[in-house]
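This report describes the arrangement of secondary structure and the nonpolar packing in one protein model. Please consult the sequence and coordinates shown here alongside the text.

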Amino acid sequence: MPTVLITGANRGLGLEFARQYAADNWRVIATCRKPTLASKLIQIRGDITILPLDVTDFSAIEATSEILQAEKIDVLLNNAGIYDPNKKGLRKTDFDLWAKMLRINVLAPLKIIESFTPQVTSSDKKMIVSISSLLGSITANDTGGQYAYRSSKAALNSINKSLSVDLAVKGVISIVISPGWVRTDMGGPEAALGPVESVAGIRRVIDSLQLVDNGKFFNFDGSSINW
Ligand SMILES: NC(=O)c1ccc[n+]([C@@H]2O[C@H](COP(=O)([O-])OP(=O)(O)OC[C@H]3O[C@@H](n4cnc5c(N)ncnc54)[C@H](OP(=O)(O)O)[C@@H]3O)[C@@H](O)[C@H]2O)c1
C-alpha cells in the first residue's frame, strides 16, 4: 500500500488525515511535536508510525529523514501550520509572531521537502501536497488585514510553483491546496466544514492528480483557486 508522511498529525486536519489514510490501509508516518501527549493519534489502528517532529527544528527534520531513509513516501503532506487568530489590521501586526509563522508555514515546508525528496522520488506516486489557504490567494483578498497569515500562505504557494518546475524532471507532482474553512482549533467552531469532509475532499483531489496538475493551487473540492 502507499505511504503518506503527515506533519502536525496530533490534532485538527493532520489527525483526520492520519485517521482516514490508516483506515484506507495506507502506511501512515505521523509526525507531531509531542507523541506522548498525542492521545487521539496513538489510538489510531493500522500501519502507523508516530515520530516526534517540531518542524522549526531543521536538524530534527534532517535526522528524521535519516531514520526514514529506506521508506518510499508516496504523498508528503505539509500540514503543520499556525495562524494569528486576532486577524490584526494595519499597525497591529505582531511581528514576532509573524517571524515564527514564516518559519513554520513557509521555511519548514521547504526544508521538509528538501530533506524528503529522495523518499518521494523513489515512491510510485511521487506527490508533495502542502496545505495552503484561500487567504493566501492575492486575487481573492477583498477584505484586507491578516498580513502575517496571508503572506505566509502566499509564500508557500510561490515555493510550490518553483518546486513544481524544479522537480518535474523527477516525475514529482507538487500542489498546494486549501482545506476550506474547517472546524479545528485553528478554524474555530463557527467554520463551515468538518475535518472529515475537508480531508475526504483533499484525499479525492490527491487520488485524481495527474502530471498536468503539477504546480496548481486547488480548493478541497477539486476546483482551482486563482493566485
Ligand atoms: N482550519 C482551517 O479553517 C484552515 C483553513 C485554511 C488552511 N488551514 C491550514 O491547514 C493546516 C492544518 O490546520 P488545522 O486547522 O488542523 O490547525 P490546528 O488544529 O491548529 O492544528 C495545527 C497543527 O499544526 C501543528 N504545529 C504547529 N506548529 C508546529 C511545529 N512547530 N511543529 C510541528 N507541528 C506544529 C500543531 O501541533 P501542536 O498541537 O503541537 O501545536 C497541530 O498539529 C495548517 O497549515 C493551516 O494553516 C486551516
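The sections below treat the sheet, the helices and the nonpolar cores in turn.

The model is predicted. Its open sheet contains seven strands in the order β3-β2-β1-β4-β5-β6-β7, with parallel pairing. At the edges stand β3 (48-52) and β7 (217-219), each of which pairs on one side only. From one strand to the next, the twist averages 20°.

Within the sheet, strand β5 (residues 127-131) and strand β6 (residues 173-178) are joined in the parallel sense by five bridges.

Helix α5 lies across β5, β6 and β7.

Val165 belongs to helix α5 (residues 147-166). Is Val165 buried or exposed? Val165 counts as exposed because 12 other C-beta atoms lie within 10 Å, and the limit for an exposed residue is 12 or fewer. Although Val165 and Gly215 are 50 residues apart in sequence, their C-alpha atoms are 7.5 Å apart in space.

**Contact of α1 with α6**

Two packed helices are described by the angle between their axes and the distance between the axes. For helix α1 (residues 12-23) and helix α6 (residues 195-208), the angle is about 65° and the axes are 9 Å apart. The crossing of α1 past α6 is right-handed. On the α1 side the contact involves Gly12, Leu13, Glu16, Phe17 and Gln20, which meet Pro195, Val196, Ser198, Val199, Ala200 and Arg203 in α6. By class, the residues of this contact comprise six nonpolar, three polar and two charged.

In soluble globular proteins, nonpolar side chains tend to be buried together. The largest nonpolar core here has 50 residues, of which Ile6, Ala18 and Leu76 touch the most other members. Helix α4 (residues 95-121) gives the most to this core, contributing six residues. Leaving aside residues up to four places away in sequence, Leu76 touches Leu5, Ile113, Phe116, Val120 and Ile128. Another core, of five residues, lies apart from the largest one and includes Met101, Leu135, Ala148 and Tyr149.

Conventions:
Residues numbered from 1 in each chain as written. Predicted model: local features only at pLDDT ≥ 70, side-chain atom pairs only at ≥ 80, totals over all residues. Axes fitted to C-alpha atoms, helices over the stretch in contact; angles between N-to-C directions. Helix = DSSP H or I, 4+ residues; strand = E, 2+ residues; numbered from the N terminus. Left-handed = near helix turned anticlockwise from the far one by under 90°. Contact = placed C-beta atoms within 7 Å. Nonpolar A, V, L, I, M, F, W, Y, C, P; charged D, E, K, R; others polar. Core = buried A, V, L, I, M, F, W, Y, C linked by C-beta atoms within 7 Å. Buried ≥ 20, exposed ≤ 12 C-beta atoms within 10 Å, placed from the backbone. Pairing = 2+ DSSP bridges.
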